[in-house]
Amino acid sequence: MEQMHSPMPQDLKGLADALEAAEARLQSILQTVPDAMIIIDEQGRIESLSTTAERLFGYVKSEVVGRKVDLFMSTPHREQHDSYLKRYLSTGERRIIGIGRVVTGRRKDGTTFPMHLTVGELQLADRHYFTGFIRDLTDQQLTESRLKELQSEVTHMSRFMALGEMASTLAHEINQPLTAIANYLKGCRRLLERMAGEQALVLRDAVSKAADQALRAGDIIRRLREFVARGESERRIESLPKLIEDASTLALIGAKENAVTVSFRLDPAADLVLADRIQIQQVLVNLIRNAIEVMSEGGQRRQLDIATVANGGDLVEVSVSDTGAGIAPEVAAQLFQPFVTTKRKGMGLGLSICRTIIEAHGGKIWVDTPPGGGTIFRFTLRAANEEDRSLVE
Amino acid sequence: MSSSQIVHVIDDDVAVRQSMAFLLSTAGYAVRVHESAIAFLQALPDSEDGCVVTDIRMPGMDGLELQGHLKSMKVGLPVIVITGHGDIALAVQAMKAGAIDFIEKPFDDDVLLAAIRSALARNLHNVEREARFAEIGRRLQSLSDRERDVLEGLVAGKPNKIIAHDLGISARTVEVYRANVMTKMRADSLSDLVRMAILSGSSP
């Protein structure tokens, strides 16, 4: 370009040769420079562009040379570019030249992408030329957003781990008073056994039941803790209808008072499953109680439906559906994450624990929001098949 | 039972040791409570009539160390170890060090009382104890070879995946075997299963 700066005509032929050489050099630079490069004049018309720029925007050079550079831009810069140029040329105030900024580029097919733009200026006699250097930020932004995603996953995970820690510490601490409670109650029962009278009999029965409940609480904690620590649970071959019957007996307390009608549709083929009884009951109780809670908030129809289906393969599906207000899709998507809740007083742990339990059982849990309203929670469990039963003997 | 037979309860949690004393006294036992293993050793009786019920995880000297001390002092008091949750590995160690039983908190009184009865009657001809062992033996007999392999892995504290790898079968199959073992052994929990296996002497 040196030659352009020295327009003294020594020899016209020599000048033409020099120009040609300069042009060839410029073209070879434009073809090989790894960055996207666009040269425009002071009206914003494209003079030339690099091969990388052609590829990046999806045009070939011949399509764009002479056209306004704003076709590479998206709103609002697209409409404003002419005025940007005018302002710069009249005021000399630099807003992008030598500074660089992240803007949105627009490809031939109309799609947009993030890009970093730096502009250099070239003055020839009284004419201005501008060179834009462009870096495609698509990959970089993808990396960044993936990084953010990972970070939030890790945060969730560490919260979940903290939860596991909390559960196991809590388990140990709670076991002590539970042990004391059970000991006192069992001792009382022994004393009452030696007492006569009808009241002693009633007391003995009540005290004995209370002691059993203390032991049951210990059992729940023990399983939860084993599960958190080892990710394993105590699975047996269990009858699914029996599991559902036991869980609903517990969970449906108060359903009548809330005017909720309950129906069961149990597939006879969905019989034996490989499951930790207490954990699956925990899941069922959780889902059923949620359903009742949601429906008791209002609404005329209050129908709870508990159903099972054997899909013929390795899994059976259990569903708990309600006729409540339903769940917004954006909430539904992250409903099973820890600390996500729709309840005013909820911790947002119930469904996350349900998911952990079901996934550890080799199943899946998800939510359907039928068009007719309400919510259906579904989960799958592994069926215990003939082959498993043959392993028994 | 003989009045000289004393049950020594050692637990650092005051509510636990007092409630245990209450329970055992209602069952007719003479009980002495100690807040630590060291306190117990300091008050160690001359007479060896009785037994020790000790928590395994305690500040200062723990249940395992206490067993070691008793052994080196040639004190022959039978020891029952009580564990909090998740201390199965420790409990197995205690059993191997000579504890006669281990019980998980919170426990059913019948389980504790049966263990104490057999501890106190250790040197006598103990019909109940033998009947119990015979029953566990019968249940063990009902296991298939593969189920026994899985049981051994569980007693060794291995997770399902490792057992599966060792035996060259799928983890899912291990789970099924494990479920069967639990059912056949009539075990309430993994620790119950491990306890039965160790009591019967079938541990590896």
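How many residues of chain A are in contact with how many residues of chain B? I find 33 residues of chain A in contact with 27 residues of chain B, contact meaning C-beta atoms, placed from the backbone, within 7 Å.

I note that this is a predicted model, in which local features need pLDDT of at least 70, side-chain atom pairs count only at pLDDT 80 or more, and totals for chains, interfaces and linings use all residues. Residues are numbered from 1 along each chain as its sequence is written, and chains are lettered from A and ligands numbered from 1 in the order in which they are written.

I list helix 6 (138–193), helix 7 (198–230), strand 6 (236–239) and helix 12 (386–392) of chain A as the elements that give two or more residues. Helices (H or I, at least four residues) and strands (E, at least two) are DSSP runs, numbered from the N terminus.

Next I looked at the sheet in chain A. Five strands form an open, antiparallel sheet in the order 2-1-5-4-3; pairing takes at least two DSSP bridges between two strands. Strand 2 (46–49) and strand 3 (101–106) of chain A are at the edges with a single partner strand each, so one side of each has no neighbour in the sheet. I count six bridges between strand 1 (residues 36–41) and strand 5 (residues 127–136) of chain A, which run antiparallel. D41(A) stands opposite Y129(A) in strand 5 of chain A.

Definitions and conventions. Contact = placed C-beta atoms within 7 Å.
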